[in-house]
Amino acid sequence: MITLIRKKKKLIKSSSLPKESLDILSSKSHGQPLVQAGEVEAVLLHNDQGKPYLYMRKGDEEIYRFLLENFHEGAINISQDRSIIYCNKKFSEMIKSPKNKIIGASIFEFVSNNQFKQLESFLTSIESHPAKHAFRLISSDNSKKDVFFVGQPIKTEGNVGISVIIIDMTKYKLAEKKRRKALLDLAKLNKELQKANKAKSFFLANMSHELRSPLNCIIGFTDLMYKDKVGAISKAHKEYLKEIAISSHHLLCIINNILDLSKIESGHMELHPALVNITKLITEVIKTMEPLLHKKNIQCAVDIDKIVVSQSIITDSDRFKQILYNYLSNAIKFTSINGKINVNVYPQNKKFFRLEIKDNGIGIKKRDISELFTMFKQLKMDTTKLYQGIGLGLALTRHLAKGLGGEVGVQSKLGKGSIFFAILPYKLGKHNY
Ligand SMILES: Nc1ncnc2c1ncn2[C@@H]1O[C@H](COP(=O)(O)OP(=O)(O)OP(=O)(O)O)[C@@H](O)[C@H]1O
Ligand SMILES: [Mg+2]
């Protein structure tokens, strides 16, 4: 590190420094123009551990030379006839040649010959203004080094010359190469992960499919027995069959959700856009939920804005119903007896409408909100009450809304209730997942 010092002020405290205190002008040099001539009064050099080891307080010219000599990049001065009139220690190391062999030689001797043209125009341009350019330096042993020339005109005793700082690009190129490799490795890893994830989803989709068939068989035969279709059964048997039916339906619901999510993740979910009657779809879903609403004496009010009703809505009716079903079943589940639920639909903007399900249930803590809509995520409750479910509904809803060209969101207050919503387009384009 190089410290440039000017004027007398009380700033530096160090035993190795002269008694008089000085003002630090600049604490690091990185090849930039360091100081204006006349500003610097002294120079302080530090070793690798940051300790000062050399202090100079001389004329500007000497300080400038001193800085160049100890500079960590190459530095040369070139006369108008393109010969090198000065080079620092670093440049001599770069070229692997002693200074006395470099001084007096043409700069063209140290640059790859296919770059002569660029070098000449670079040097010509510097005579009027500062410039920079990438070159390939040729060392005395013929090895090549990628460098960057940063030049500016200098005036010495009336003559115009050129001062060039030569930055060794090897370490930067190496770092860039490493960065690119890391990016490539990351992209490869990402691809592998995606592949593995797809394989997992494919497996789950197949498994779920295999599980559904025997389960439907259980549900079918249970139903037959429950309805006395295979002969009369006792009251106790009927009770047990009812429990089997409820559990089987619940299991089927979980498997269906897993199957849907796996299909989406493995890119196999098909959408069937068609003209729909939104009021009809909402009524149908609420009808299937009526027993649950009734059981908890929850009121469910529906309000569909006229503007939305007047639109020709093209969407996938089953997926739309699934979104509403998932939100509504949660609203019922997390709202206590005698609660209230509102299903509202109103325009979001010219192209989108908003479906929202509002409840006055248990609500959600602010810090938990960001965790919603992720697979298998059920929030920790402060109460000991257990709620059924495995935490797939919201994750599935998010995917479904995305598939319909929309998005989901939530607003909630703990203890007050929640509003879960989906913003969906009036017209879903024909596309698959
Ligand atoms: N209306 C709501 N009010 C309060 N908390 C809710 C509400 N909806 C969802 N949550 C919270 O978000 C969690 C995740 O909901 P999600 O629908 O994904 O899963 P689930 O209902 O627990 O199970 P599943 O839907 O798979 O049957 C819930 O377990 C609950 O903690
Ligand atoms: Mg749910």
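A backbone N or O atom of G393 lies 3.1 Å from an oxygen atom of ligand 1 in this predicted model, a polar contact being a pair of N or O atoms within 3.5 Å. An oxygen atom of ligand 1 is also found 2.8 Å from a polar backbone atom of L394, and the side chain of N330 places an N or O atom 2.8 Å from a ligand oxygen. Taken alone, ligand 1 exposes 600 Å², of which the protein buries 93% (Shrake-Rupley areas, 1.4 Å probe).

The shell around ligand 1 comprises 21 residues, with N330, K333, Q378, L392 and L394 the closest (a heavy atom within 4 Å of the ligand). At least two shell residues each are supplied by α9 (317-333), α10 (393-403) and β16 (417-425), and the largest share, three residues, comes from α9. These elements are DSSP runs, with helices (H or I) of at least four residues and strands (E) of at least two. By class, the shell contains 11 nonpolar, seven polar and three charged residues.

Elsewhere, F221, L224, M225 and V230 form a nonpolar surface patch of about 370 Å²; patch members have over 30% relative accessible area and no salt bridge, and nonpolar side chains are joined within 5 Å. A salt bridge requires a Lys or Arg side-chain nitrogen within 4 Å of an Asp or Glu carboxyl oxygen. V230 is located in the loop between α5 (170-226) and α6 (235-265) and counts as exposed because its relative accessibility is 57%, the threshold being over 50%.

Residues are numbered from 1 along each chain as its sequence is written, with chains lettered from A and ligands numbered from 1 in the order written. Local features need pLDDT of at least 70 and side-chain atom pairs pLDDT 80 or more, whereas totals for chains, interfaces and linings use all residues; side-chain values use heavy atoms, leaving out hydrogens and water.

Note on methods
A polar contact is a pair of N or O atoms within 3.5 Å; within protein, one must be able to donate a hydrogen and the other to accept it, and residues adjacent in sequence count only if both atoms are side-chain atoms. Ala, Val, Leu, Ile, Met, Phe, Trp, Tyr, Cys and Pro count as nonpolar, Asp, Glu, Lys and Arg as charged, and the others, Gly among them, as polar. Patches are made of residues with over 30% relative accessible area and no salt bridge: like charges are joined within 9 Å, nonpolar side chains (Val, Leu, Ile, Met, Phe, Trp, Tyr) within 5 Å. Buried means under 20% relative accessible area, exposed over 50%, partly exposed in between (1.4 Å probe, protein chains only).
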